[in-house]
Amino acid sequence: MFLREEGHEGGVWSAIGTPVARRCCRSHPWQGPGNWCPVRGWGWCFLISDSPDLTPDRAGVGDSMTVGMATGWGSLLQDEQQLEELARQAVDRALAEGVLLRTSQAPSSSHVVSYAPFTLFPSRVPSALLEQAYAVQADFNLLVDAVSQNAVFLEQTLSSTIKRDSFTARLFDIHKQVLKEGIAQTVFLGLNRSDYMFQCNPDGTTALKQIEINTISASFGGLASRTPAVHRHVLSVLGKTKEAAKILSNNPSKGLAMGIAKAWELYGSANAQVLLIAQEKERNIFDQRAIENELLARNIHVIRRRFEDVSEKGSLDQDRRLFMDGQEVAVVYFRDGYMPGHYSLQNWEARLLLERSCAVKCPDIATQLAGTKKVQQELSRAGVLESLLPGQPEAVARLRATFAGLYSLDLGEEGDQAITKAIAAPSCFVLKPQREGGGNNLYGEEMVQALERLRDSEERASYILMEKIEPEPFRNCLLRPGSPAQVIQCISELGIFGVYVREGKTLVMNKHVGHLLRTKAIEHADGGVAAGVAVLDNPYPV
Ligand code: ADP
Ligand code: MG
């Protein structure tokens, strides 16, 4: 059980169970009594006993902001036999619901598929933080849209990064070319997902802190629509009908499809199609199909093509209307194209062709750039949100409340200071390059080595430094194909899906459309579901 300290620094510790560690944050175990964390400047905040679980019933429902995240499903996680039986039922239900991935052995084929990894139980999330994440989503949509329209801000923000990061530079080149020629598209569609972790504060409260916003290919909206039924099933089997009823319904795929449908409608050509750009080797196809199916139900046809197909069979007419295999395209939805490895020379040409067209791109290249880590870091500078969202102080305050510490590594005194701080306290920072898709960040000793190597090089501007968020771990059971059920200490990451549509200067849609909870073992610093690290989950609001 995790306990809050009754009084801080020097105060009285009250404990139930045997304290096994005392620390200021997960990064700094076992410092001497009376010490402060050298980085966060906090006093001690937790006593941790050897029994980290409470049942949800005992966990002080209604006191979510102070009880924190450490509680879980208690004794249920200790009964191995019961877990095995529950796991069998949960897996069968997941398969029946369509919580599916293609296998790594046959990623181009749906002949043999398996379930996407998931937690046996939903994980506790304070309702207040869930509500906060939902409430700020429309603000994030507005912000991304504002950045994407601000060519001066994008150029200033990315100028040092593109000198050293060839991928961002390539995207930026296309952005410049399109601006120079004149942007042909008049309807803009954003489908994004803002991701958060729950920072555990020294006073026992938890705070919502943004990890990043994904403006291209934000995935798992489809599968997340199907996991609530699985967790409800597990809880119902246990006779926990009250708890089962607390699992929130969730249907991001419907909301994402609504955004695409709106953009398609505004494009205004009844026979035009939606072009979904994906690779042939796509394990997560069922997630994408969920959105395709929603569109087909609205009589909007989707064709799946690769960048290579576009370069062979795509064309623009004199009005820069896009045609694929002779069919007009209203909306291009990218589920590819966010990593350097996705582009050959031929694929870059295809991307440029798509960007030059008047089809609605989701995202257009400027919106993809608005989702870079460098932009995220610059947005946290004093005054930047105010200048991008003038006259909207409430939105600015809501956004800023979710920002963690973000630091530029551009050459100069500010960057030097950030490097010195991170080398002095490596466990409190994350070093991030301009990459998506998980597994690219550097932590701990690896981060220190990279910073020492980069210290005197311009290359350091292609990275940013971020405060490391320290959620309170809890126990859950992870289910993965081919592995035995595994009860371990975990942390979660919450994503909120956002959709907006703009026609010219008029915003015609701006909403949140659902959530995604991913959970992973605490020992994995990085990586999502696709990277085989995190698993799908549902929030259990408390
Ligand atoms: P990507 O674009 O590769 O998904 P992210 O910024 O989301 O990059 O980082 C990948 C993963 O690394 C996240 O899902 C999270 O688990 C971990 N991570 C990223 N930033 C932080 C942070 N500031 N504190 C703690 N963990 C982080
Ligand atoms: Mg991420």
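**Strands, a helix and a pocket**

Q: Which residue in β14 is the bridge partner of L276?
A: The bridge partner of L276 in β14 is Y333. Please note that this is a predicted model.

Q: How many bridges join β10 to β14, and which way do the two strands run?
A: Five bridges join strand β10 to β14, which covers residues 327-334, and the two strands run parallel.

Q: And how many join β10 to β11?
A: There are four bridges between β10 and strand β11 (residues 302-305), and these strands also run parallel. Within this pairing, V274 stands opposite V302 of β11.

Q: What does the chain pass through on the way from β10 to β11?
A: The chain passes through helix α11, residues 285-297. This β-α-β crossover is right-handed.

Q: Back to β10 itself: why is it described as largely enclosed?
A: Strand β10 spans residues 273-277, and five of its five residues are buried, so the rest of the structure largely encloses it.

Q: Which residues sit on each side of it?
A: Q273, L275 and I277 are on one side, while V274 and L276 are on the other.

Q: Now a helix. Which residues of α3 are buried?
A: In α3, which covers residues 127-135, the buried residues are L129, L130, A133 and Y134.

Q: Why do they line one face of the helix?
A: Viewed down the axis of α3, its buried residues fall within an arc of 140 degrees, so they line one face.

Q: New topic: what is the volume of the second largest pocket?
A: Its volume is about 250 Å³.

Q: How many residues line it, and which lie nearest its centre?
A: The lining of the second largest pocket has 15 residues, and S148, L179, I183, F188 and D364 lie nearest the centre. By class, seven are nonpolar, four polar and four charged.

Q: Which helix gives the most to that lining?
A: Helix α6 gives the most, with three residues. Both α6 (166-181) and α14 (365-370) supply at least two residues each.

Q: Last one: is R102 buried or exposed?
A: R102 is buried, because its relative accessible area is 7% and buried means under 20%. R102 lies in strand β4, residues 100-102.

Q: How far is R102 from Y115?
A: R102 and Y115 are 13 residues apart in sequence, and 8.3 Å apart in space from C-alpha to C-alpha.

Key: Residues numbered from 1 in each chain as written. Chains lettered and ligands numbered in written order. Predicted model: local features only at pLDDT ≥ 70, side-chain atom pairs only at ≥ 80, totals over all residues. Heavy atoms only, no water. 1 Å grid on protein atoms, 1.4 Å probe; cavity = no way out; pocket = protein on both sides within 12 Å on 5 of 7 lines; lining within 4 Å. Points joined across faces, edges and corners; volume = space filled by probe spheres on them. Nonpolar A, V, L, I, M, F, W, Y, C, P; charged D, E, K, R; others polar. Buried < 20%, exposed > 50% of the residue type's maximum accessible area, 1.4 Å probe, protein only. Arc of directions from axis to C-beta. Pairing = 2+ DSSP bridges. Right-handed = clockwise from strand over helix to strand, strands pointing away.
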